[in-house]
Amino acid sequence: MPCPALPDGFDFTDPDVYRTRVPLPEFAQLRQTAPVWWNAQPHGIAGFGDDGYWVVTRHQDVKEVSTKPELFSASRNTSIIRFNASMTREQIDVQKLIMLNMDPPEHTRVRQIVQRGFTPRAIRGLEEALRRRAAHIVDEARRGGTGDFVTDIACELPLQAIAELIGIPQDDRARIFDWSNKMVAYDDPELAITEEVGANAAMELISYAMNLAAARKECPAEDIVSRLVAAEHEGNLGSDEFGFFVLLLAVAGNETTRNAITHGMHAFLTHPEQWELFKRERPETAAEEIVRWATPVVSFQRTATQDTELGGAKIKEGQRVGIFYSSANHDPEVFTDPEVFDITRDPNPHLGFGGGGPHFCLGKSLAVLEINLIFNALADAMPDITLAGSPRRLRSAWLNGVKELRVHYG
């Protein structure tokens with residue numbers, strides 16, 4: 001079905017688009033005219049040796065793809081929707097060792113192991129420590145008067161939460177931050193990060209995690225690492241599997257929550273009535289609306305395992321299928337006034353943590369806790385925070401990222 005409102009050559013994974021905005025008007029056009037639409041690309045531009053992918057824009061269709069791993073594989077081409085043309089098949093296939101890029105039953109096995117660290121009891125056990133850390137982070141930033149919200153505040157609590165969760169010394173958090181930045185910033189020339197630099201950062205992080213796992217096997221401690229690796233023969237993770245798990249945490253648990261917090265702050269400061277409401281009432285629904293509004297991961301992909309049909313489109317075996325969470329989270333068939341930032345929105349069946357199915361975000365409860373804690377700390381210590389500049393966005397094909405957000409801390 002044609003979509004005449006889109007200019008020739010428009011690509012929903014073009015990193016130059018996301019450097020300035022999320023293409024919400026274009027998503028709206030597709031939802032109305034061609035909810036599953038073939039996005040042609042120059043051959044091989046995304047690193048997959050093909051000529052394009054399907055854009056899935058409606059909430060119901062994103063959920064359908066997400067919950068049918070037997071039809072839509074995360075492993076075949078990984079979940080990352082766009083690499084660069086220079087990406088080799090070997091480099092892509094290595095990434096299948098990451099849980100994000102596995103299909104059942106292997107995904108089921110690994111997830112059952114790692115979810116031991118994300119039980120309600122485990123998350124509750126972190127709450128008081130993270131509350132103190134949130135208050136300290138905000139207090140330290142406030143003393144500076146003016147600063148970059150991203151580096152001063154938004155990145156700190158997710159990093160410290162990961163360190164707290166898996167027993168990484170807090171002194172090493174800057175290294176984790178640096179490695180994770182390099183892994184996801186290969187599309188942004190300002191950061192001078194090449195794919196080679198990103199790959200090297202990934203290997204350094206994996207090596208760090210494997211050494212940590214080896215140390216815990218030798219001398220167990222009261223942390224998640226020991227629980228996940230101390231008895232490999234009893235169904236725990238091998239050191240290499242643990243290394244790839246930490247790599248996933250560094251992106252899924254750090255980059256995404258950091259960007260949700262940053263977009264949330266920007267949303268509050270550009271919707272001051274919502275900030276006043278939050279300061280006054282602290283609604284429990286706020287964190288979920290912040291994630292819907294931000295949708296830090298714009299899209300992931302799956303690959304069709306057989307010929308199938310979705311939303312009226314005939315998808316061939318082997319074709320890539322992009323599931324666009326940013327579009328689904330603005331679907332008016334599901335959300336009343338989706339363009340409105342409303343921290344009292346309830347119900348809020350957003351897909352910011354995934355569309356359900358086997359890959360639903362394992363760390364959702366931790367992310368919600370972090371968002372609640374940091375905004376409560378901000379409301380207590382910085383009620384008069386104001387913008388000092390426009391956000392500088394990350395050039396990325398699949399992340400809704402912010403590199404810098406200047407603010408006056410008040």
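**View 1. Asp-337 in the loop between α15 and α16.** Let us start with the backbone here: Asp-337 is not a glycine, yet its phi is positive, about 50 degrees. Most residues other than glycine have a negative phi, and most peptide bonds are trans. Asp-337 is partly exposed, with a relative accessible area of 44%; buried means under 20%, exposed over 50% and partly exposed in between, using a 1.4 Å probe and protein chains only. Element names follow DSSP runs numbered from the N terminus: helices are H or I runs of at least four residues, strands are E runs of at least two. The loop between α15 and α16 also holds Pro-347, and the peptide bond from Asp-346 to Pro-347 is cis, with omega near 5 degrees.

A word on what you are looking at: this is a predicted model, in which local features need pLDDT of at least 70 and side-chain atom pairs count only at pLDDT 80 or more, while totals for chains, interfaces and linings use all residues. Residues are numbered from 1 along each chain as its sequence is written, and side-chain values use heavy atoms, with hydrogens and water left out.

**View 2. Thr-78 in the loop between β3 and α4.** Thr-78 is buried, with a relative accessible area of 0%.

**View 3. Aromatic pairs, with Phe-48 and Phe-83 as an example.** The whole structure has 19 aromatic pairs. Rings of Phe, Tyr and Trp (its six-membered ring) pair if their centres lie within 6.5 Å; planes under 30 degrees apart are stacked, over 60 edge-to-face, and the rest tilted. Phe-48 and Phe-83 are a tilted pair, 5.7 Å centre to centre with 50 degrees between the planes. Phe-48 sits in the loop between β1 (36–40) and β2 (52–56) and Phe-83 in the loop between β3 (72–73) and α4 (89–94), so this pair ties together parts 35 residues apart in sequence. Both Phe-48 and Phe-83 are buried.

**View 4. The edge-to-face pair of Phe-268 and Phe-341.** The ring centres are 5.5 Å apart and the planes stand at 75 degrees. Phe-268 belongs to helix α12 (residues 239–270), while Phe-341 is in the loop between α15 (325–328) and α16 (364–381), 73 residues apart. Phe-268 is buried at 0% relative accessibility, and Phe-341 is buried at 2%.

**View 5. Helix α12 meeting helix α13 (residues 272–281).** Their axes come within 4 Å and cross at roughly 105 degrees. Axes are lines fitted to C-alpha atoms, for helices over the stretch in contact, and angles run from 0 to 180 degrees between N-to-C directions. The two helices are therefore roughly perpendicular; that term covers 65 to 115 degrees, with under 35 roughly parallel, over 145 roughly antiparallel and the rest oblique. Met-265, Phe-268, Leu-269 and Thr-270 of α12 make the contact with Pro-272, Gln-274, Trp-275 and Phe-278 of α13, where contact means heavy atoms within 4.5 Å.

**View 6. Phe-375 in helix α16.** Phe-375 is buried, at 1% relative accessibility. Leaving aside residues up to four places away in sequence, Phe-375 touches Ile-261, Gly-264, Met-265, Phe-268, Trp-275, Phe-278 and Ile-290. The buried residues of α13 pack against α12, α14 (286–294) and α16.
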